[in-house]
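Visitor: I'm new to this one and would like a close look at a single loop residue. Could you start there and then lead me on to whatever comes next?

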Amino acid sequence: MPRPVWNKLADRRGELLSRELAPDVHAERWARRYDGTVGPLNRWVDHVRETTYENIPYFDPASAGAGAHVLVLLQDPSGEAEEGSGFVSKHNNDPTAHNTNIATERAKLGYDISLHWNVVPWWVANTAKPVRSLWKESVRAQPYMVELLEMLDPAPTEVILLGRPAARAWDRLVRAGLPEALRGATVQTAPHPSPLVFPRTDAATGRGNSDLIVEAMRMAGQRARGEKVRPAAGGPAGRRRPF
């Protein structure tokens, strides 16, 4: 029995990244993984795979075509990213990717100027590995995160941290010392787009988690495009994190 289609928006647009459900789309994306902006990043992924023995997914070659001006960071890849499509992508066939895809569309955050990744580049809950904690794995992954940030040229001017684990890992990066080019970036936090969080209400603000995610993405995209930004009242999205 075929897997269900979770990312209905990507499927409707012919962008679904699934070896099983959309093999032609996947094959075309796979053939381009070393091309364009993400090409050097994916060669770096190959190196990190060899040194960590982790099955790390690739960056999506459909992203950051005009540069990684907005860096969107979550906690770690989904099982679908690592063992399904082989990419970190908002077009993956899982609910979190679907919610991320919806949020970027609502926010008008173009895939051409954004790059999606994780503070831990491998799937922490991989059942082929011993039981692992997200926090310890984020500490282990920190040197690789620094390497990635140093590779991004030009450096992102906007960073969006989705979920508390991503925000905590970034805080630790800041304490250790960010690459010089990232120190002027505007950093925003927002809830994680998982199906358990995305439809809920944020207790601190009374706003929907999905609205907070969209607001952070909208403002990041506007700043990256040089447009005037008007933050919504009442929410933490868009607050600049001092460092």
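Where is Y53 found?

Guide: You'll find Y53 in the loop between α3 (39-52) and β1 (58-59). Helices (H or I, at least four residues) and strands (E, at least two) are DSSP runs counted from the N terminus. A quick word on the model: it is predicted, with local features needing pLDDT of at least 70 and side-chain atom pairs pLDDT 80 or more, while totals for chains, interfaces and linings use all residues. Numbering starts from 1 along each chain as its sequence is written, and side-chain values use heavy atoms, without hydrogens or water.

Back to Y53. Its backbone has a phi near 60°, a positive value in a residue that isn't glycine. Y53 has a relative accessible area of 68%, so it counts as exposed (over 50%; buried is under 20%, and partly exposed lies in between, with a 1.4 Å probe and protein chains only).

A64 sits in the loop between β1 and β2 (70-74). A64 also isn't a glycine, and its phi is positive, at about 55°. What about its surroundings? A64 has 0% relative accessibility, so it is buried.

Go on to helix α4 (residues 79-85), which is where S85 has its place. S85 is buried because its relative accessible area is 0%. Look at what its side chain does: it reaches the backbone nitrogen of F87 at 3.0 Å. The side chain of S85 also joins that of N92 through a polar contact of 2.6 Å (N or O atoms within 3.5 Å, one able to donate a hydrogen and the other to accept it; sequence neighbours count only if both are side-chain atoms).

Further along is a peptide bond to look out for. Between D153 and P154 the bond is cis, with omega near 5°. P154 belongs to the loop between α6 (134-151) and β5.

Strand β5 (residues 158-162) runs parallel to β6, and 5 bridges join the two (at least two make a pair). One spot to check by eye is E158, which stands opposite T186 in β6. Zoom out and you see an open sheet of 4 strands in the order β4-β2-β5-β6, with parallel pairing. At its edges are β4 and β6, each of which pairs on one side only.

The largest pocket has a volume of about 420 Å³ (the space filled by probe spheres on points joined across faces, edges and corners). It has 18 lining residues, and nearest its centre are G163, R164, A190, P191 and D202. At least two lining residues come from each of α7 (164-176), β6 (186-190) and α8 (209-224), and α7 gives the most, with 3.

The second largest pocket has a volume of about 310 Å³. There, 19 residues form the lining, with L74, D76, S78, T96 and N118 closest to the centre. Two or more of its lining residues come from each of α5 (95-107) and β4 (114-118).

How values were computed: 1 Å grid on protein atoms, 1.4 Å probe; cavity = no way out; pocket = protein on both sides within 12 Å on 5 of 7 lines; lining within 4 Å.
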